[in-house]
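Here are some exercises to work through with the structure open beside you. Try each task before you read its solution.

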Amino acid sequence: MPDCKRLKRDFYTRDVLEVAPALLSKILAIAKPDGTISRYYVTETEAYRGSEDLACHACKGRTPRTEVMFHKGGLIYVYLIYGIHWMLNVVTGKINEPQAVLIRSLEGCTGPGRLTKISGIDGSFYGEDLVSSERIWFEDSTLTPVIKTGERIGIDYAGDYWKRKPWRFYI
């Protein structure tokens, strides 16, 4: 694995449309209870951009579920879907500008529900600070990916305008 370093706060406090593609080829590092660290390259992300984005959970306003999205960039937003799958999101942007990047795939593991299962991410990660956490963080890498874009997946409820936004990024 290339020489890596932890991403700093300024990486996350940018607009989600900058951070989502920039997370591609970065390394998700997760410290296990036994002290080992698992590392995975990020291969697919999706951007969810604030209160105006009808596919973003924050479009319904500030709730206990979405509270962390209204905080500073660099925090973890996880939520449970279908009562079985945790979704890993990275909060981006500035305070009171709710945005998040859904991590959709890691190298060798496609699907946001699968990746949280193999990496051990659950609801206890909600609000974790990626800049200072001892159990989860992102590291830079020396890889320069060729980035492709597409429509976001599974958001028919948001309507055609929001569904057709090319805010899914992958390598």
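Buried means under 20% relative accessible area, exposed means over 50%, and partly exposed lies in between. Keep in mind that this is a predicted model.

**Exercise 1. Classify Glu128 and Arg135, and describe how they pair.**

Step 1: Glu128 has 18% relative accessibility, so this residue counts as buried.
Step 2: Arg135, at 27% relative accessibility, counts as partly exposed.
Step 3: Glu128 and Arg135 form a salt bridge, and their closest N and O atoms are 3.1 Å apart.

**Exercise 2. Find the salt-bridge partner of Glu139 and say which strands the pair ties together.**

Step 1: The partner is Arg39, whose side chain meets that of Glu139 at 2.9 Å, N to O.
Step 2: Now compare the burial classes. Glu139 is buried at 6% relative accessibility, while Arg39 is partly exposed, with a relative accessible area of 34%.

**Exercise 3. Work out how Arg104 and Glu46 are joined, and whether each is buried or exposed.**

Step 1: A salt bridge joins Arg104 and Glu46, with 3.7 Å between the closest N and O atoms.
Step 2: This pair links distant parts of the chain, as Arg104 sits in strand β5 and Glu46 in strand β2, 58 residues apart.
Step 3: Arg104 has a relative accessible area of 12% and is buried. Glu46 is buried too, with a relative accessible area of 0%.
Step 4: Look beyond the pair: salt bridges with shared partners join Glu44, Glu46, Arg104 and Arg168 into one network. For context, a search of the whole structure finds 13 salt bridges.

**Exercise 4. Which residues touch the most other members of the largest nonpolar core, and which element gives the most to it?**

Step 1: Start with the general pattern. In soluble globular proteins, nonpolar side chains tend to be buried together.
Step 2: The largest nonpolar core here has 46 residues, and Leu23, Ile103 and Phe138 touch the most other members.
Step 3: Elements giving two or more residues to this core include the helices α1 (9-12) and α2 (16-22), along with strands such as β2 (37-49) and β5 (99-106). Strand β5 gives the most, with five residues.
Step 4: Finish with Leu23. Leaving out residues up to four places away in sequence, Leu23 touches Leu7, Phe11, Val42, Thr45, Val90, Val101, Ile103 and Phe138.

Conventions: Residues are numbered from 1 along each chain as its sequence is written. This is a predicted model: local features need pLDDT of at least 70, side-chain atom pairs count only at pLDDT 80 or more; totals for chains, interfaces and linings use all residues. Side-chain values use heavy atoms; hydrogens and water are left out. A nonpolar core is a set of buried Ala, Val, Leu, Ile, Met, Phe, Trp, Tyr and Cys residues joined through side-chain atoms within 4.5 Å. Buried means under 20% relative accessible area, exposed over 50%, partly exposed in between (1.4 Å probe, protein chains only). Helices (H or I, at least four residues) and strands (E, at least two) are DSSP runs, numbered from the N terminus. Contact means heavy atoms within 4.5 Å. A salt bridge is a side-chain nitrogen of Lys or Arg within 4 Å of a carboxyl oxygen of Asp or Glu.
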